[in-house]
Amino acid sequence: MATPLQYGDPPRLGPFVLQARLLTAPAGLVYLGQGPNGRAVSVAVLTRGAALDAAARERFVTAIKEAERHRAGRRGRGVPLLGMVRGRVDTPQVIGMDGGRAPWVAVPYVPGGAGAERFLEPVMVSGMLLGDRNGPDFVPYWLGDRDPALPAPAPPGPPPVATGRSVGLASALLATLLTMTVLMILLLLFRLDGDQQPSRPLPPTVIVPTPPPTPASPRPGEQSPKPSDGGSDDRTRVPGRDDDLGRDI
């Protein structure tokens, strides 16, 4: 019975888009998917714990490869085909697989028929490995894991390559910007040179010699000042004016 995908389920495995869960087995999970041509497929993938077990992963991949050889009509040197799960002849046709760290296999989906779960059966080892059962069955350490093994994310793609036209336009734009920048710098330099005032030479220094100072000569009719004899009350008289006699000058 198909159930919706759950959190942690891969959206696609290889070229197949997963649409629903078909089965949850001890060793892996089976999904209903769709191929690139719209064909319905059954896809089985190991659990995360089983994928980390090298022996379990080898049994799963070997069963797939042996089934492919059986379908191609090639048998190997009398060794029983491991792809024929426990002698069953209803092993489905393999149309896609991946044997890496998260192996999976895809077969055509047939409602009610054999699906990709056939390849999960050889992963589980039952009974004793020596042949005689003298104790409990072998239980792998990863038996309780129910998370599907997810393939490693694809490496990032190369950076986008610009077309020749884009490169040409970018080069032309860069050249235009550089030309405008150079022109602006030249105009600015010429403008600064034109604004400067021409320098004028300073006038030469002229030194004019001046004669030494001379004492002022007395006016006509005035007596030259005489040194006082100390305490004398001499007054200067101006001739021609009688009312000024005895007044101080």
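Trainee: What do β5 and β6 form, and how many residues lie between them?

Mentor: β5 and β6 form a hairpin with five residues between them. This is a predicted model, in which local features need pLDDT of at least 70 (pLDDT is the predictor's confidence in each residue, from 0 to 100), side-chain atom pairs count only at pLDDT 80 or more, and totals for chains, interfaces and linings use all residues. Residues are numbered from 1 along each chain as its sequence is written, and side-chain values use heavy atoms, with hydrogens and water left out.

Trainee: Why is strand β6 described as largely enclosed by the rest of the structure?

Mentor: Buried means under 20% relative accessible area, exposed over 50%, and partly exposed in between (1.4 Å probe, protein chains only). Five of the five residues of β6 (residues 104-108) are buried, so the strand is largely enclosed.

Trainee: Why is Asp9 called buried?

Mentor: Asp9 has a relative accessible area of 11%, and the limit is under 20%, so the term applies.

Trainee: What makes the approach of Asp9 to Arg21 a polar contact?

Mentor: A polar contact is a pair of N or O atoms within 3.5 Å; within protein, one must be able to donate a hydrogen and the other to accept it, and residues adjacent in sequence count only if both atoms are side-chain atoms. The side chains of Asp9 and Arg21 make such a contact at 2.8 Å.

Trainee: Why is the pair Asp147 and Arg48 called a salt bridge, and what does it tie together?

Mentor: The term requires a side-chain nitrogen of Lys or Arg within 4 Å of a carboxyl oxygen of Asp or Glu. For Asp147 and Arg48 the N to O value is 3.0 Å. Asp147 lies in the loop between β6 and α3, and Arg48 in helix α1 (residues 48-52), so the pair ties together parts that are 99 residues apart in sequence. At 38% relative accessibility, Asp147 counts as partly exposed.

Note on methods. Helices (H or I, at least four residues) and strands (E, at least two) are DSSP runs, numbered from the N terminus. Two strands pair if DSSP finds at least two bridges between them.
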